[in-house]
Amino acid sequence: ALVSPQQKSSQHLALQLVQVYAHFVENANFLAWFQHDWILKLDPSPEFVDANPEFLIALDSAGRVIGHNRRAQSLLEAEARGPAIGLAFAQLFNARFEELGRFVASRPRDQRALTTVSGRLLFLRAEPPPARPFAAGEPPSKVHLPAPLAALSHGDAALARQIERAAKLVNSPVSLLITGETGTGKEYFAKALHAASERRGKPFVAVNCAAIPETLIESELFGHTAGSFTGAAAKGKRGLVLEADGGTLFLDEIGDMPLEAQARLLRVLAEREVLPVGATRPVKVDLRVISATHCDLEALVREGRFRDDLFYRLNGAHLQLPPLRKRADFDWLVRRMLAGIGAAAPMIAPEVMDWLRAWRWPGNLRELRNVLEYATAVCSGGYIQLADLPDALLAAAARAAQEE
């Protein structure tokens, strides 16, 4: 009541009811908003953790906090001594994100206890996100995922969104730009797109724009006629663009292409024809162009080092690949790589897996494969231990730990 003849204390029951139902409304909105993410329900009492939990927390596929209700906000900020959004689960609780399977509803409530980093005892019910599109059955989004694309991931939400988008574009004439850190698998992704498309029976031609000398890039890409310049092949050369006719041309490290060659490539994209060096008549070409880079192309455009018209031609659709350190399917990647290295995949000691998960992997998938190949070659009895990891890698990890 706005006006009451009685003391304000007489309205405490109404205030309590409003607060209780406001909490219910907040929690219902929270669960709807984060329905595609990990939901953690926590309560000091095991009797209430499943029915009416006090604290709600949402985690992304990498185990980082992306949301919480108001009561959980107070709890987490006390633990973190500041904002909790973006912090890892293990920074707030005495458990690892990979251990959340111990806290699902199928286990007895009194066996789902854990403590915060400050030692507060809570009971947890962990609810994983709904099955990703590549799980068995029809995907919730109704997007058909061709097998080559579905095989790229096993539960990483960020990558799954890119795979869904790519599945819609496999046969589109739109040029694709794949970005991501070095070693994140941009060429593997491009090959999967090609294998999933109607062009799969035609060539997939990969060009590393950073590896071709600037003086030869035009003749390598666009070909040349016989005797068109000093050192030209006696019979001329078709060029990599024409070699990809009917299929897919993958331009890796496109940000390193010289400006003059960029102008020639723009003509290929705009006119769908190639003019070899020394030729007078262009040659029609039918191809799908996929480019990739770890550079910020927009920054290069602003600096005048990359043509803006070419950037917009290449960037028909943008696919961003997550770095390895943020992949939620890291354990699956390790098992898959080991299975592909040799006839009999070795076992990995638990402490080695812990170490692999903790390393930041600046070289991403390429670095991980190199490490696993080395460890497989030097391990004994088909069992990889810490001593089987490369010395340089262990030393780098030790230096990084000291610097922290």
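Q: How many helices and strands does the chain have?
A: This is a predicted model, and its secondary structure comes to 14 helices and 14 strands.

Q: Is the chain a compact globule or more spread out?
A: More spread out, because its radius of gyration is 28 Å, well over the 22 Å that the globule rule gives for 404 residues. Along its principal axes, the C-alpha trace spans about 100 × 65 × 45 Å.

Q: And what share of the residues count as buried?
A: 42% of the 404 residues. The chain exposes about 21400 Å², with carbon and sulfur atoms supplying 53% of that area.

Q: What about contacts between residues at least 6 apart in sequence: what share join residues at least 24 apart?
A: That share is 63%.

Q: OK, cores. Which residues touch the most other members in the largest nonpolar core?
A: V241, L251, I254 and L265 do, in a core of 30 residues. Several elements each supply at least two residues of this core, including β7 (204-208), β8 (248-252) and α9 (297-302). The largest share, five residues, comes from α8.

Q: What does V241 touch?
A: Leaving out residues up to four places away in sequence, V241 touches L221, F222, L249, V268, V274, V285 and L287. As background, nonpolar side chains tend to be buried together in soluble globular proteins.

Q: Which residues are in the second core?
A: That separate core has 25 residues, and L333, M337, A349 and W361 are among them.

Q: Let's look at W361 then. Where is it, and is it buried or exposed?
A: W361 sits in the loop between α12 and α13. It is buried, with a relative accessible area of 0%.

Q: What is the phi of W361?
A: It is near 55°, a positive value in a residue other than glycine. For context, most residues other than glycine have a negative phi.

Q: Which other residue has a phi near 55°?
A: R81 has a positive phi near 55°. R81 is in the loop between α2 (70-80) and β4 (113-115), and it counts as exposed at 82% relative accessibility.

Q: Back to the loop between α12 and α13: is R360 buried or exposed?
A: R360, found in that loop, counts as exposed because its relative accessibility is 53%, and the cut-off for exposed is over 50%. R360 and G382 are 22 residues apart in sequence and 26 Å apart in space, C-alpha to C-alpha.

Q: New topic: where does L40 sit, and what does it touch?
A: L40 is in strand β1 (residues 38-43) and is buried, with 0% relative accessible area. Its contacts include F55, L56, I57, F89, L100 and L124, not counting residues up to four places away in sequence.

Q: How far is L40 from L310?
A: C-alpha to C-alpha, L40 and L310 are 46 Å apart in space, and they are 270 residues apart in sequence.

Q: Last one, T248: which strand is it in, and is it buried or exposed?
A: T248 lies in strand β8 and counts as buried at 2% relative accessibility. Among the residues T248 touches are H194, R199, F204 and R288, with residues up to four places away in sequence not counted.

Terms used:
Residues numbered from 1 in each chain as written. Predicted model: local features only at pLDDT ≥ 70, side-chain atom pairs only at ≥ 80, totals over all residues. Heavy atoms only, no water. Helix = DSSP H or I, 4+ residues; strand = E, 2+ residues; numbered from the N terminus. Rg over C-alpha atoms; globule rule 2.2 N^0.38 Å. Buried < 20%, exposed > 50% of the residue type's maximum accessible area, 1.4 Å probe, protein only. Contact = heavy atoms within 4.5 Å. Areas by Shrake-Rupley, 256 points an atom, 1.4 Å probe, with all protein chains shown as cover. Core = buried A, V, L, I, M, F, W, Y, C linked by side-chain atoms within 4.5 Å.
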